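I wanted to go through this model with the sequence beside me and write down what I looked up, entry by entry.

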Amino acid sequence: MRQHHVLLLLLLFVLLLTPEPLRAGLIVSASCPCGYHVEGMSLFGGRSNYTTVCRIPAVCGSGAELLLVNALALDSEMLPCSLDELMLYTDPEFASELMGEAPDKGANVVASWNLSSINRTFVLYDVGYYCPRCGKFTLRFHRVGFWD
């Protein structure tokens with residue numbers, strides 16, 4: 001019985017010293033007041049593919065669907081549209097025009113992924129983004145969980 005308590009105490013100690021849980025990619029949902037909704041988008045990369053895959057939300061021009069593209073393969077012929085038409089939701093200028101300034105000034109972060117290999121950080125903020133259905137800047141992302 002005493003050994004059981006020691007193990008529990010050791011586990012608690014390790015958990016308290018870990019600043020945050022080990023994570024892989026994030027799962028987010030997107031919704032807009034117009035009724036547009038996308039659930040369970042697995043963003044970024046997992047433990048087994050983080051060096052080759054970094055999924056981020058995007059839309060092709062005036063396309064009516066949110067999609068995920070691999071930020072590490074944007075020069076690929078596998079893109080659903082030309083690079084000129086592709087709009088990435090992680091680009092700050094694609095966030096709400098209503099904010100009046102860059103979203104990184106005071107907005108809450110919903111998802112963030114740092115790719116040191118290309119010296120870039122991809123961030124989604126808790127602000128209104130372009131909705132591919134209604135065309136307004138009222139689409140919001142919500143963190144749902146993690147994936148590996």
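The entries below cover the ground rules, the core, a sheet, the cysteines and the aromatic rings.

**Ground rules.** I am working with a predicted model, in which local features need pLDDT of at least 70 and side-chain atom pairs count only at pLDDT 80 or more, while totals for chains, interfaces and linings use all residues. Residues are numbered from 1 along each chain as its sequence is written, and side-chain values use heavy atoms, with hydrogens and water left out.

**Core.** I started with the largest nonpolar core, which has 39 residues; such a core is a set of buried Ala, Val, Leu, Ile, Met, Phe, Trp, Tyr and Cys residues joined through side-chain atoms within 4.5 Å. Buried stands for under 20% relative accessible area, exposed for over 50%, and partly exposed for what lies in between (1.4 Å probe, protein chains only). The members that touch the most other members are Phe-44, Leu-86, Tyr-89, Leu-139 and Phe-141. At least two residues of this core come from each of several strands, among them E1 (25-31), E2 (37-43), E6 (109-115) and E7 (120-125); strands (E, at least two residues) and helices (H or I, at least four) are DSSP runs, numbered from the N terminus.

I then listed what Phe-141 is in contact with (heavy atoms within 4.5 Å). Leaving aside its neighbours within four places in sequence, the partners of Phe-141 include Val-28, Met-41, Pro-57, Leu-66, Tyr-89, Val-110, Leu-124 and Tyr-129.

**Sheet.** I looked up an open sheet of three strands, which are ordered E4-E3-E5 with antiparallel pairing, where two strands pair if DSSP finds at least two bridges between them. Strand E4 (67-70) and E5 are the edge strands, each pairing on one side only. E3 and E5 are joined by three bridges, and Val-59 has Met-87 in E5 as its bridge partner.

**Cysteines.** How many disulfides does the structure hold? I found one, taking a disulfide as a pair of cysteine sulfur atoms within 2.5 Å. The disulfide is formed by Cys-60 and Cys-81, with their sulfur atoms 2.1 Å apart, and the link is left-handed, with -85 degrees about the S-S bond. Because Cys-60 lies in strand E3 and Cys-81 in the loop between E4 and E5, the pair ties together parts that are 21 residues apart in sequence. Both cysteines of this pair, Cys-60 and Cys-81, are buried. Cys-131 is in no disulfide, and the nearest cysteine sulfur, that of Cys-32, is 3.7 Å away; Cys-131 counts as buried, at 0% relative accessibility.

**Rings.** I counted five aromatic pairs, where rings of Phe, Tyr and Trp (its six-membered ring) pair if their centres lie within 6.5 Å, and planes under 30 degrees apart count as stacked, over 60 as edge-to-face and the rest as tilted. The rings of Tyr-89 and Tyr-129 form a tilted pair, because their centres are 5.9 Å apart and their planes stand at 55 degrees. This pair links distant parts of the chain, with Tyr-89 in the loop between E5 and E6 and Tyr-129 in the loop between E7 and strand E8 (140-147), 40 residues apart. Tyr-129 also forms an edge-to-face pair with Phe-141, at 5.4 Å centre to centre and 75 degrees between the planes. I noted that Tyr-89 is buried at 0% relative accessibility, and that Phe-141 is buried at 1%.
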